[in-house]
Amino acid sequence: MQGCGCGNVKQVPVLLVVHLRSARRLRELCCANRGTFIKVGQHLGALDYLLPEEYTSTLKVLHSQAPQSSMQEVQQVIREDLGKEIPDLFLSFDDTPLGAASLAQVHKAVLHDGRTVAVKVQHPKVQAQSSKDILLMEVLVLAVKQLFPNFEFMWLVDEAKKSLPLELDFLNEGKNAEKVARMLKHFDFLKVPQIYWELSTKRVLLMEFVEGGQVNDRAYMEKNQIDVNEISSHLGKMYSEMIFVNGFVHCDPHPGNVLVRKHPDTGKAEIVLLDHGLYQVLTEEFRLDYCHLWQSLIWTNMERVKEYSQRLGAAELYPLFACMLTARSWDSVKRGISQAPATATEDSEIRGNAASYLPEISQLLNHVPRQMLLILKTNDLLRSIETTLGTRSSASSFLNMSRCCIRALAEHRKRDACSFFRRIQISFSEAFSLWQINLHELLLRVKGLRLVCCISTLLGWLTRAPH
């Protein structure tokens, strides 16, 4: 046994080299095939808690450094869709794109009336190539199924078939942008760029130009005096509202699609939400079950965690499902995910154990409702941002989620109430539950302030004490 242990120690560096080499080959494959392959690579790059670091760090560049279309190709798409040449439409048009993604790239331009705009132009071959990409993915998945019968990844192909046509229709994206702007208009920290419909088509989208730094760029936030914790809190509130209250969820929040800035007039921190091509509309039954599940996870009601996990298709794999949703170990879930933040040791343990559970993970993903797949992807991307910012699993984020769950469940009960008195009763219960959360949050802040005061006093005493 001792000999085996020594052998494992020697193999660790070799394993890291193999991971890095494989990750680079995978990135090259994604870049060579573009389109759908880059989207898959982007998602893999966000799975910090699941994949080895060599993969996630190598694939993360696909969020902002995807292959670009040439200026000739951009001119061709604009000419075909808008019927005019670039100089006829724009006073100026930057040849170098602001960013290139899997399906399109964005250029800064100025209209003849002086408005500065962002012009999103679809890669010219992506429409025709996407169907071939999906067919190739289907063949690969079936081949993997033959070699490894326990792995079931056909859900990945099914999701690509459903979501790609929607993402390739920029008119659909514009409608989504306007819908989410209306839905979340009460959040003064959220900016959704205005769509200019007169120069928008299925392959060209014209919108208001808004500058900002990527949401995972700590250096930009420090330079512009933007509070990282405030941004993380805003992001959590925004997505909790989308998921639990509205059931209309932006499902591609990678760092290139979420910018931060200081509002030019008020100076307040603001989140700019871009790329509205991929949204998941949740059914009411799914949304309410998901609310109940998260309430149960936050307040450590394990019987209800099991009940609502099984209602969402997890069956006897509900402990694994809870771990995937929270990116926490089962021990942490049972102790209470809001009691203590995830540690580096716990993250390392989850990464180490993930490979041994891959057959169960693929089985689970094949059985949960299709809506859950995009929600899981969204969770992964948001968690990746929080990990980079160092704000993951804060108690306030769980309390914000709980507020949204309480409001959503109360609204549903009020709609089903058979009398005015019953609706008043539900409203009082909702108000009391929200008051309890506010009180709990206040106590946490007081505890934090006490700790800061104690540390300050101790440091003051140490600096005055003679050496």
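Helices (H or I, at least four residues) and strands (E, at least two) are DSSP runs, numbered from the N terminus. This is a predicted model: local features need pLDDT of at least 70, side-chain atom pairs count only at pLDDT 80 or more, and totals for chains, interfaces and linings use all residues. Residues are numbered from 1 along each chain as its sequence is written, and side-chain values use heavy atoms, with hydrogens and water left out.

**Stop 1: the second largest pocket**

Select G99, V106, G256, N257 and L274. Of the 40 lining residues, these lie nearest the centre of the second largest pocket. A pocket is an open set of points on a 1 Å grid over the protein atoms alone, with protein on both sides within 12 Å along at least five of seven lines; lining residues have an atom within 4 Å of a point. The volume here is about 800 Å³, counted as the space filled by probe spheres set on the points, which are joined across faces, edges and corners.

Now colour α2 (36-45), β2 (99-100), β3 (104-111), β4 (116-122), α8 (170-183), β6 (204-208) and β7 (213-214). Each supplies at least two lining residues. β3 has the largest share, three residues.

**Stop 2: the largest cavity**

A cavity is a set of grid points where a 1.4 Å probe fits but cannot get out. There are three of 30 Å³ or more. Go to the largest, with about 380 Å³ of space. Show W294, N379, L382, E386 and M401, nearest its centre among 22 lining residues.

**Stop 3: W294 and the cores**

Stay on W294. Leaving aside neighbours within four places in sequence, its contacts (heavy atoms within 4.5 Å) are F244, L325, T326, I337, F398, M401 and C405.

A nonpolar core is a set of buried Ala, Val, Leu, Ile, Met, Phe, Trp, Tyr and Cys residues joined through side-chain atoms within 4.5 Å. Buried means under 20% relative accessible area, exposed over 50%, partly exposed in between (1.4 Å probe, protein chains only). The largest core has 76 residues; M238, Y290, W294 and M372 touch the most other members. Apart from it lies another core of 17 residues, including V74, L111, V117 and Y196.

**Stop 4: helix α6**

Select residues 126-147. α6 has 22 residues and reaches 30 Å from first C-alpha to last, close to the 32 Å expected at 1.5 Å a residue, times one less than the number of residues. Its buried residues include V126, S130, D133, I134, M137 and V141. They cover an arc of only 100 degrees around the axis, so they sit on the same side of α6; the arc is that of the directions from the helix axis to the C-beta atoms. Turn to the face away from the buried side: A128, K132, L135, Q146 and L147 are exposed there.
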